[in-house]
Amino acid sequence: MFSIKNVLYFQAGFGVLANMFLVCFYIYIILGHRPKPTDLISCQLTFVHIIMFLTGGDILLTDFFELLNIENNIKCKATFYISRVMRGLSISTTCLLSVFQAVTICPSTTLLAKFKHKLKKYMIYAFLCMWSFNLSFSSNQIFFVGAYTNVSETKQMKATKYCSLLPMNNIIRGLILTVTTSRDVFLIGVMLTTSTYMVIILSRHQRQCKHLHSISHLRASPEKRATQTTLLLVFFFVVLYWVDFIISTTSFLLWRYDPVILTLQKFLMNAYPTITPLVQFSSDNRIIIMLKNLQSKHHHMYF
């Protein structure tokens, strides 16, 4: 029987392979060609998603730890901390991608236009801030997780195969939930604001093209395709995040996880990292051109 765990393994395997191909593509573009400002952000996002697959929900890395015979408490804290950091980096990087794409397509008459030529400079600072913030933000959570023992006796809440949330009073529980939710709501608010701005810019550009009856503008520009890709990624992220947020918050407040609900949450957590490379494959013509060039070189090599 094709079990739910097999579905999760297939999802993780496909997601890792797709994101690894995407990372190789972005490294190829960044080192050998003239990359767009958003290519560095997209490269980091795909790298983060690979680590999310490796550390998320009893898949891959936890099995690797089991082969090394590492103590359950250590593997629990390590995988939980890394997965929390990567989750924070995923939402932060998606937000950054949305902001940078909005700055890239903004008209030259707007206030944001003066930042266009400084995007690469600000990007390095943004990366440093993101990593520092998320590494420190999630560090306190390792004190509230431990190796899974017996839930009925210790009032632990099982979160993964090896990991469970340790008992905590309502004040600490509410504080953790409030701080985490505040961060996520702020970043999603920025995403939605920049996405609305990009939609306005695109619709205004579309009206101008129709008004001028310009044939040259009928074909989507690279900037327009990149903007549509970013909007699509933000849409998928926001929808999947809120479904996951409702499940997580409800379970956290009630202090119980149903096994079926936990499995569903694992699937949702990996859905966005799985969808992201598919969206980027379908919208970035450079990937198709690179594959055609590789196919042509391979053909000439043998014939």
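Analyst: Start with a cut-off. A residue counts as buried when its relative accessible area is under 20%, as exposed when that area is over 50%, and as partly exposed in between. Keep in mind that this is a predicted model.

Now apply the cut-off. Asp 39 has 2% relative accessibility, so Asp 39 is buried. Arg 286 has a relative accessible area of 22%, so Arg 286 counts as partly exposed. These two residues form a salt bridge. Their closest N and O atoms are 2.8 Å apart. Asp 39 sits in helix H2 and Arg 286 in helix H10. The two are 247 residues apart, so this pair links distant parts of the chain. In general, side chains of opposite charge can pair when their charged atoms come close.

Rolling a probe the size of a water molecule over the atoms shows where empty space is left. The largest pocket has a volume of about 290 Å³. It is lined by 18 residues. Closest to its centre are Lys 36, Ala 226, Ser 283, Asp 284 and Arg 286.

Which elements build the lining? Helices H2, H4, H8, H9 and H10 each give two or more residues. H8, which spans 222-254, provides the largest share, with 6 residues. By class, the lining holds 5 nonpolar, 8 polar and 5 charged residues.

Back to the salt bridges. The whole structure has 3 of them. Another one joins Arg 87 and Asp 184, with the closest N and O atoms 3.3 Å apart. Arg 87 lies in helix H4 and Asp 184 in helix H7, so this pair ties together parts that are 97 residues apart in sequence. Both residues are buried.

Asp 184 has a further partner. Its side chain meets that of Arg 183 in a salt bridge, at 2.9 Å from N to O. Arg 183 is buried as well. Through shared partners, Arg 87, Arg 183 and Asp 184 form one network.

Finally, turn to the surface. Tyr 122, Ile 124, Tyr 125 and Leu 128 form a nonpolar patch there. Together they have about 420 Å² of accessible area. Ile 124 belongs to helix H5, residues 119-137. Its relative accessibility is 48%, so Ile 124 is partly exposed.

Definitions and conventions
Residues are numbered from 1 along each chain as its sequence is written. This is a predicted model: local features need pLDDT of at least 70, side-chain atom pairs count only at pLDDT 80 or more; totals for chains, interfaces and linings use all residues. Side-chain values use heavy atoms; hydrogens and water are left out. On a 1 Å grid over the protein atoms alone, a cavity is a set of points where a 1.4 Å probe fits but cannot get out, and a pocket is an open set with protein on both sides within 12 Å along at least five of seven lines; lining residues have an atom within 4 Å of a point. Grid points are joined across faces, edges and corners, and a volume is the space filled by probe spheres set on the points. Helices (H or I, at least four residues) and strands (E, at least two) are DSSP runs, numbered from the N terminus. Ala, Val, Leu, Ile, Met, Phe, Trp, Tyr, Cys and Pro count as nonpolar, Asp, Glu, Lys and Arg as charged, and the others, Gly among them, as polar. Patches are made of residues with over 30% relative accessible area and no salt bridge: like charges are joined within 9 Å, nonpolar side chains (Val, Leu, Ile, Met, Phe, Trp, Tyr) within 5 Å. Accessible areas come from the Shrake-Rupley method with a 1.4 Å probe; for residues, only the protein chains shown count as cover. A salt bridge is a side-chain nitrogen of Lys or Arg within 4 Å of a carboxyl oxygen of Asp or Glu. Buried means under 20% relative accessible area, exposed over 50%, partly exposed in between (1.4 Å probe, protein chains only).
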